[in-house]
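Here's a quick walk through a multi-chain model, written for someone who likes cut-offs spelled out. Have a look at the structure first, then read on.

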Amino acid sequence: MRRIMAVLLAAVMLACLAPAALAEEDVTITVVAWDIATTPYYQMYKEAFEAANPGLKVEYIDLAAQDYSQKVGTMLAGGDKSDVLFIKELSDATNWSAQGYIAPLDDYIAADGLDMGAFAGMADCYVDLEGNQVALPYRADYWVLFYNKDLFDAAGVDYPTNDMTWDQYAELAKQMTSGTEGVDKVYGSHYHTWRSDVVNWAVCDGVNTLADGEYGDLAYFYNLALDLEDAGAVMAYPDLKASGLHYRGAFAAGNVAMLPMGYWEMGNLVSDTNSGDMSFNYGFVAVPHKEDVPAGSTFGSPTGASINTASENKDAAWKFLSYIAGEEGAKTLAPTGNRPAFINDAVAEVMALVDGFPTDEASKAALIPTAVYLEWPIGEKVTELKTMTDEEHTLIMTRELTVEEGIAEMNERAAEILAD
Amino acid sequence: MLNATGLGGNANRRYRAGKLEKRNTLIAYTFLAPNFIGFFIFTLIPVAFSIALAFLNWNGGALNTITFAGLENFATLLKRFNFTRNELGVTLKNTAFFTLFTVPLSIACALLLALALNRAVCGAKVFRTIFFFPYIASLVAVCVCWSFMLMKLGPVNQMLELVGISVGKSWTQSREYAIWALIIVSVWRNAGYYMVMYLAGLQGVPAELYEAATVDGANGWHKFWKVTFPMLTPTTFFVSIMMTIYCFKIFDVVQIMTEGGPGRSTKMLVNYIYQLAFIDIKYGQASAVAMALFAIVLIITLAQFRIEKKWVNYM
Amino acid sequence: MTTWAQRRKRAYPGKAIGKAALYAALIGLSCVALLPFLWMLSSSLKLDNEVFQYPMRWTPKTFHWDNYLLIWQRVPLTTYFRNTAIVAVAVTFAQILSSSFAAYAFAKMRFKGRDALFMAYIATIAVPWQVYMVPQFIMMRRMGLYDTLWALIVLQSFSAFGVFLMRQFYLGIPNDLNEAARIDGLSEYGVWARIILPLAAPAIAALVIFTFVNTWNDYMGPLIYLTKDQNKTIQVGLRRFIQQYTSDYHLIMAASLVSLLPVGAVFLFLQRYFIEGIATTGIKG
């Protein structure tokens, strides 16, 4: 009996040792991200990276997009040892860095001589409060104005242009509005319920930020949106909010002429066009601008990745991170219809060649904006201010408060937050 | 007559209690052990740690980064405390309002449903299953349906219009009505849930009591108050405590239906705790708010236990 | 008891109207109760863009029955179901056994520190899980239970809820019964097994339903403790249909409806236990 046990035990031990011995040559980089199974570019990164770096293997941990930050935050608090962490919310980089979860990258960047200028400012949101670069963006979605070409053709109205003021946009939206609800209604434009879709344009002048505690500059955009709502040119916020209607569904329904939205919507439109689900032609232009702001100014939200402080393969992790964020990664990403953070004319050319991409010149020109500002600057109170502005946003948009009252309340609450 | 059938004779109870006193403590512990060991390790220890956190500074980093904060977390939360602007004050007020209406309404509805379906109603089985449905259905589906029903031109507003009440807004998008939308959905889900509890409780009511009451000439109403309700008090006691705790911990319904809005009109204590712990990453403050919640619930529960002896009938 | 109630009813002919009103109310409420299901059903047969269409349409433009096939192909739903079933069954068994055992001590015995201990049980229910989640997670990780189904099983098997529910029910069982049994020479364990447990059938049925439903529908626990796809349970698995920029609500609803079937079956099977007056026969003795 004892002998059998000993043999069995030895067999088990050998079985355990065998794969370990084989794997010794390869270093496996564990990468935590979301929507991996449904987002093609993760697999493309893996294949391209493994081909370029023999001996390094990439293994993904696929988490749900919803509650991603909370899940990863808890994992890290528990001492998780994954190597590369993708960052979904901007605030995560600052928070995780403050907690010591993610490692500063400055030494690696200096050693590799990585050209930070290539990110056109999109890497700045990953600088923590102490000035360390703690993550790199691989993808940067800035905001553009999508439009339904078929509706403009039918109405005999000229398409929106890359140089349009917000007042002209409002005029155009009203002009494109027609019909009766439930029969043949056409909406001139569409705002999603997010604060960023309605008023974040205020940061496009490069002077105002949402963290300065002074929100008077939002009044123009609130009045614009509420005025369009009164004119029936956009769907009413309370209805959208109560019904849960998604902007994708609204635009895909084919009765919305314009949609200011992040560039990520392109991925959906491209795939819908290619699968034949799209019932109309679309195009996009730069978002409108205020008179005193140069045309083509917009704001953007990068998506990046970082290195876990507890990682045991930091050098390998850096190789992967610098690969996806650098030029090679950008070339891998561009053909999927997503916008790499690293962008130049060559990359833009690749992007415009994607099947399902609008073929007009204006759309191609809109790929390279004049200036892209961050949705939120870096700062200690940013998460609190974000929560606060989102809350006040709902009050203004449901008209529980007038624009003036709402902005006054924002200013008062911001003063309290900043004073603490 | 009722007393003679054994309904809560105090002298009797005391006599029995005296005998129980002599039972072996050791045996009691063996009964407790399987549950208590698991409970102690997996719940009590983390809870104790989180209580301690309220007096510490910790942002989730390595454990050696923890520093002692004393009452600092509480001081930060109570800074400029009021019920209109201060975060804790606002969420506390909302949660209290929500609890105040949801608990009694849920209990009343659950009891009514259980009483109606405990009888030989045709199709009782089907009805019981249907009323339990809202509890097992996807919360998203339940919330979406109610949001639609409570929309500006939805069926609820139209019906209210008929009786002369004009709302004129989507409930979830109004500071005045949003909290009522949450109350309605919660009562709706809980009524079916606690109906099950009451149905179980009703099986414990001996038929002789009703027979005796009938001999006494009691009508339906009397029988309810003299027999059914007293016999259900242990269940009601349980339900009211569980409901109070549930209401103070309300989170997911809010997150799906209103996200705490418009503004902060439906932001609840746990939504605030969630924000502190997972968005602002201030575990110490999150624990401090949780302690406030804990203290309130504990006081209410202790009070209920204290007055339990006055109104709860145990055989 | 039911037959007795029926007899009483017939004695009052005027009650017919009341009965009609009762049925009307029950049917009306049932319709509202079923509404979410109709919505789930109709959504599950739509295209993703149609689900949150406004104004809302109850019938899909075309019926996409293939959604019900798609859910099995897009995610490993069978694995999720298996994991959920393992956890739900294990937790329900452990919960019933340990709570009915512990509740006996709280309800029918007297020992030092009983009330304080019981208050500790109740008090922990009052602490929101969000607060002690992180310490608990760190502990579980150290024990090596992270990303295993064991984490969920040990977490949910010892809830204070079950102990409280069973205690309340036991308190409603006359002490004469266990006193008599003790005099007859039964040990405490004998009293529990032969007298109390059979009488508590309605409460046990209720607790089984609650535990099973709550475990089956739990989202936060599996979200935090399970990471690998082969370990995920149904509620977390369903979230794979919600992506960052798109949500396949039609597939979520189809999968949710499928996932309700076991829960519905458990409820239907058990509800007779808290209806047919099993307890009353015992209490007469």
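## Ground rules

Two strands pair if DSSP finds at least two bridges between them. Helices (H or I, at least four residues) and strands (E, at least two) are DSSP runs, numbered from the N terminus.

This is a predicted model, so to speak of local features we need pLDDT of at least 70, side-chain atom pairs count only at pLDDT 80 or more, and totals for chains, interfaces and linings use all residues. Residues are numbered from 1 along each chain as its sequence is written, while chains are lettered from A and ligands numbered from 1 in the order in which they are written.

## Strands in chain A

Let's start with strand S1 (residues 27–34) of chain A, which runs parallel to strand S2 (residues 56–63) of chain A, with eight bridges joining the two. Within that pairing, A:Ala33 has A:Asp62 as its bridge partner in S2(A), and A:Val32 stands opposite A:Ile61. A:Val32 also stands opposite A:Leu85 in S3(A); strand S3 (residues 84–87) of chain A pairs with S1(A) in the parallel sense, over two bridges.

How covered is S1(A)? Mostly: six of its eight residues are buried, where buried means 20 or more other C-beta atoms within 10 Å of a residue's own, exposed means 12 or fewer, partly exposed is in between, and C-beta atoms are placed from the backbone.

## Chain B on its own

Chain B has 13 helices and two strands, and its C-alpha trace spans about 70 × 65 × 30 Å along its principal axes. Of its 315 residues, 49% count as buried. Take contacts (C-beta atoms, placed from the backbone, within 7 Å) between residues at least 6 apart in sequence: in chain B, 68% of them join residues at least 24 apart.

Two loop residues are worth a click. B:Ile281, in the loop between H12 and H13 of chain B, is buried because it has 24 other C-beta atoms within 10 Å. B:Ile281 is 222 residues from B:Asn59 in sequence, yet their C-alpha atoms are 5.8 Å apart. B:Lys79 is in the loop between helix H3 (72–78) and helix H4 (87–118) of chain B, and is partly exposed because 13 other C-beta atoms lie within 10 Å. B:Lys79 and B:Leu111 are 32 residues apart in sequence but 43 Å apart in space, C-alpha to C-alpha.

## Where the chains touch

The contact between chains B and C takes 74 residues from chain B and 79 residues from chain C. On the chain B side, H2(B) gives the most, with 18 residues. By class, that side has 53 nonpolar, 13 polar and eight charged residues; nonpolar covers Ala, Val, Leu, Ile, Met, Phe, Trp, Tyr, Cys and Pro, charged covers Asp, Glu, Lys and Arg, and the others, Gly among them, are polar.

Between chains A and B, 23 residues of chain A are in contact with 24 residues of chain B. On the chain A side, the largest share, seven residues, comes from H17(A).

Key:
Contact = placed C-beta atoms within 7 Å.
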